Amino acid sequence: MPDIDSVRRALTDALGADAVLADPLSLRLYARDASLVEGNASVVVLPTTVEQIQDAMRIAAGHGMPVVPRGSGTGLAGAATPIDDAVVIVTSKMDRIIEVRTEDRLAWVEPGLFNLDLSTALAPLGWTYAPDPSSQQVSSIGGNVNTNAGGPHCLAYGVTSAHVLAVDVVLPDGELVRLGSEAPEAAGYDLRGVVVGSEGTLGVVSRVCVRLTPIPPAVRTMLLDFAAVEDCAATVSDIIARGVIPAALEMMDQGIVRAVEAFVHAGYPTDAAAVLLVELDGLAAGVEAQAREVEGAARANRVGTIRVAADAGERALLWKGRKSAFGAIARIAPHYHLHDCVVPRARLVEILAGVYEIADRHDLIVTNVFHAGDGNLHPLFSFDRNVPGTLERVLRASDELVRMCVEAGGALSGEHGIGLEKRDFMPLMFGEDDLGAQACVRAAFDPDGRMNPKKVLPDGARCGEFALAAAGTDAAAAAADALPEGTWI
Amino acid sequence: MDLIHPHTKADVAEALREASEAGRRVLPVGGRRHMDRGNPTEVDAELWTTMLDRVTAYDPAEMLAVVEGGMRIGDLAAMLSEHNQEWPVDAPSDATVGGVIAAGVSSPRRLKVGLMRDTVAELELATGDGRLVRSGARTVKNVTGYDVHRLATGSLGTLGVIVQVALKTRPLPAATATLVTSSGGIAMAEALLAEVPLPAAVVAEPDRVTLRLEGWPDEIDEQSAAAYAVAELTSVPSFEVAWPDTQNVVEATVPPSRLRDLVGTAHAWTALAGVGLAWLGAADEAELARIRETASALGGIAPVVRGSGGLGDTSLPAPEVQRRLKAAFDPAGIMAPGRFWGGI
């Protein structure tokens with residue numbers, strides 16, 4: 001059993017008292033991320049330099065302590081929830097833009113920098129950082145890297161991985177390595193590519209070299225409303241079939257539209273069964289051509305009205321409706337459980353019907369806002385966890401939802417990650433050898449298994465032996481019962 | 001030299017399992033288009049993937065094609081173009097899908113179409129010790145588990161054989177144009193890059209610059225007008241990127257603004273402006289050494305892609321992690337030994 005007091009003392013000696021928190025309130029604050037799962041930390045470290053991250057990692061290694069890296073804590077899958085009295089390394093204080101080199105189409109940033117702050121700083125130069133998760137006002141680039149974050153604009157531009165040229169990573173033993181390169185190719189296996197999306201299980205990302213994207217000269221944002229959900233979903237497929245890849249293609253159902261409209265007053269049509277937010281960008285002439293195709297697809301599918309944002313102000317308002325969806329639903333009930341799974345685009349309608357059916361059966365309120373172009377659903381259950389039995393119903397419904405999406409040829413997560421919440425569903429998608437290989441990737445970086453243990457892979461997935469525990473068969477209980485000891489919902 | 005020519009992915013796994021047990025060294029071979037990449041390797045057998053050429057699934061509406069690793073690029077392109085789509089890599093038509101992925105080759109049009117590595121949605125690898133390992137998913141977007149396929153991409157066959165992949169396709173552009181200047185150089189290319197919005201490629205050579213435009217017809221007009229304001233250009237019918245006509249060609253990559261310094265000392269070169277990649281002719285070992293020294297000083301690498309010379313002795317980041325990965329996938333060390341960076 002590691003001596004927690006001596007770990008705290010060593011960290012305080014090395015990093016200074018300002019950088020180390022161990023009081024009960026702080027430990028409680030950092031005991032969870034934005035998921036439902038709560039764990040426990042033994043000490044929280046707030047480094048301000050790469051060297052301090054290395055010091056903290058060496059001390060943790062010396063004491064055999066598990067380490068959980070954390071950015072803003074907006075993750076929804078429990079990847080930043082500490083377990084086993086872990087040392088939590090929070091990168092929030094490292095939030096500088098180190099350098100911007102538009103001539104090389106790159107910028108170096110610290111991991112704690114907020115996503116939106118980077119794009120705001122780049123905008124006057126005519127460049128942007130393309131990934132734009134809905135949490136972008138408060139989520140950090142380091143966290144985005146660790147979850148391989150998406151966002152509405154990833155339909156045309158690709159997810160975080162396509163925009164990360166290199167990462168500096170502090171390995172579990174404290175060694176600092178640069179993976180990837182400012183140049184377009186790098187020597188060796190693409191370790192950068194596996195660190196992106198690794199949910200803090202391979203090391204601590206201490207610096208990020210991001211790819212800059214030129215801001216397109218023209219943008220058009222359109223809001224389309226439909227009297228039938230099926231028509232809305234069919235429009236999504238038809239737009240793609242016409243060879244148009246919109247910058248964003250977002251669908252919202254009536255429940256979420258009503259919540260959002262009451263919240264931001266963007267003029268969303270509350271009587272529509274579903275709305276589609278379409279953003280086109282590129283050269284002015286190209287945007288015009290794409291808009292003709294989008295209108296054609298929408299009219300062929302009985303669109304109601306097509307509202308085109310007249311100026312930047314109106315565009316911002318339409319997007320505010322989309323991006324504040326999760327704030328808006330707080331009006332429905334005090335708690336929510338937000339899902340994230342991906343299905344083939346062509347099956348959106350049937351999956352959506354399935355989502356409503358599951359919610360009905362478990363007597364839950366569900367609203368839907370999602371990246372329709374990517375087939376990435378975000379069903380959102382609203383509930384009050386203080387009402388006895390409610391949380392259990394939410395978890396049971398969630399379980400059915402995940403299975404439905406995977407059975408439809410989809411994936412467990414499109415952008416939120418696996419963390420604790422979905423690790424026991426991994427055998428739904430992967431066999432023993434697949435999970436064994438994934439365990440090998442992890443072990444190659446972290447032979448002692450101290451980096452964010454028990455996340456992503458189910459218990460029993462091991463490199464070499466391929467001993468995998470029986471997959472959670474009875475679902476219902478799985479979500480709650482399979483949680484590691486020391487965590488609770 | 002023995003030949004292994006399997007019919008199915010299970011056969012591939014079986015053959016590799018046996019080879020591992022026997023300590024028989026294997027080089028995976030597709031269309032023989034990327035054979036000069038990597039360091040020289042001595043093997044006992046070649047494993048030909050070319051009979052693994054089936055289409056598992058192709059749904060144009062999902063923009064995903066699931067094909068076996070030995071499928072020829074030309075066959076894939078023909079199938080996709082029937083639905084006005086492409087897998088944007090611009091590899092020779094007799095190269096194989098698995099070969100292109102293992103070689104880690106991206107399109108010269110990458111300013112527009114992105115990197116090849118980001119188009120591999122799912123990949124199944126027959127590992128050196130004969131397991132079939134799948135990662136990723138057949139969806140546009142996916143963050144489920146570790147991206148083992150990222151390691152296979154660019155691995156030069158040293159972890160296993162790529163037996164099946166799900167590829168993200170994209171719509172073929174409605175219109176294209178290829179415009180060529182009458183004078184060359186990096187400065188001319190950078191001037192075009194600065195003035196022409198969102199080009200697909202700006203290819204610089206000593207005596208000309210080729211501008212590739214792809215998009216909607218009106219867009220091409222707008223871009224062309226911007227280009228004509230910078231230079232005199234002639235339209236040509238097709239877009240081809242030619243490497244220097246030399247026996248040895250190095251593919252050097254540096255941060256984009258350092259291209260000028262990279263090609264400065266070379267006698268023959270073709271460069272992708274805005275990307276930071278140049279193919280340089282290396283007449284002899286001395287010139288190869290000079291190119292490598294320059295690329296390294298500029299923060300890049302310079303592997304040989306045609307002729308001899310291998311990858312060079314660039315130091316590997318996290319070498320222990322790289323070696324552990326190799327050992328995990330190919331414990332007997334039979335897959336193209338020594339071909340990879342760092343002698344892996």
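In the predicted model described here, the axes of helix 1 (residues 4–15) and helix 3 (residues 50–62) of chain A come within 10 Å and cross at roughly 155°, where axes are lines fitted to C-alpha atoms, for helices over the stretch in contact, and angles run from 0 to 180 degrees between N-to-C directions. Because of that angle, helix 1 of chain A is roughly antiparallel to helix 3 of chain A; angles under 35 degrees count as roughly parallel, over 145 as roughly antiparallel, 65 to 115 as roughly perpendicular and the rest as oblique. Residues are numbered from 1 along each chain as its sequence is written, while chains are lettered from A and ligands numbered from 1 in the order in which they are written. As this is a predicted model, local features need pLDDT of at least 70 and side-chain atom pairs count only at pLDDT 80 or more, whereas totals for chains, interfaces and linings use all residues.

Helix 1 of chain A passes helix 3 of chain A in a right-handed crossing; a crossing is left-handed if the near helix is turned anticlockwise from the far one by less than a right angle, and right-handed if clockwise. On the side of helix 1 of chain A, the contact is made by Val7(A), Ala10(A), Leu11(A), Ala14(A) and Leu15(A), and on the side of helix 3 of chain A by Gln52(A), Asp55(A), Ala56(A) and Ile59(A), two residues being in contact if their C-beta atoms, placed from the backbone, lie within 7 Å. By class, this contact of helix 1 with helix 3 of chain A has seven nonpolar, one polar and one charged residues, where Ala, Val, Leu, Ile, Met, Phe, Trp, Tyr, Cys and Pro count as nonpolar, Asp, Glu, Lys and Arg as charged, and the others, Gly among them, as polar.

Helix 13 (residues 348–361) of chain A takes part in two further helix pairs. Its axis and that of helix 14 (residues 390–407) of chain A come within 10 Å and cross at roughly 160°, which means that helix 13 of chain A is roughly antiparallel to helix 14 of chain A. The crossing of helix 13 of chain A past helix 14 of chain A is right-handed. Ile351(A), Gly354(A), Val355(A), Ile358(A) and Ala359(A) of helix 13 of chain A meet Ala397(A), Glu400(A), Leu401(A), Met404(A) and Cys405(A) of helix 14 of chain A in this contact, which comprises eight nonpolar, one polar and one charged residues. Helix 8 (residues 229–241) of chain A packs with helix 13 of chain A at an angle of about 145°, with their axes 9 Å apart, and this crossing is likewise right-handed. The contact joins Val229(A), Glu230(A), Ala233(A) and Val236(A) of helix 8 of chain A to Leu348(A), Val349(A) and Leu352(A) of helix 13 of chain A, and its residues divide into six nonpolar, no polar and one charged.

In helix 9 (residues 254–264) of chain A, the buried residues are Ile256(A), Val257(A), Arg258(A), Ala259(A) and Val260(A); a residue is buried if 20 or more other C-beta atoms lie within 10 Å of its own, exposed if 12 or fewer, and partly exposed in between. Their cover includes strand 13 (248–253), strand 14 (274–282), helix 11 (312–323), helix 12 (325–328) and strand 18 (365–371) of chain A. Just after helix 9 of chain A, His265(A) takes a positive phi of about 50°.

Chain B is divided into domain 1 (2–171), domain 2 (175–236) and domain 3 (249–306), with bounds that come from an automatic or database domain assignment. The C-alpha centres of domain 2 and domain 3 of chain B lie 23 Å apart, and their contact takes ten residues from domain 2 of chain B and nine residues from domain 3 of chain B. On the side of domain 2 of chain B that touches domain 3 of chain B, helix 6 (186–195) and strand 12 (201–205) of chain B each supply at least two residues, and strand 12 of chain B gives the most, with five residues.

Thr158(B) is placed in the loop between helix 5 and strand 9 (160–168) of chain B, and it is buried, with 28 other C-beta atoms within 10 Å. The C-alpha atoms of Thr158(B) and Met335(B) are separated by 4.8 Å, although these residues are 177 residues apart along the chain.

Notes. Helices (H or I, at least four residues) and strands (E, at least two) are DSSP runs, numbered from the N terminus.
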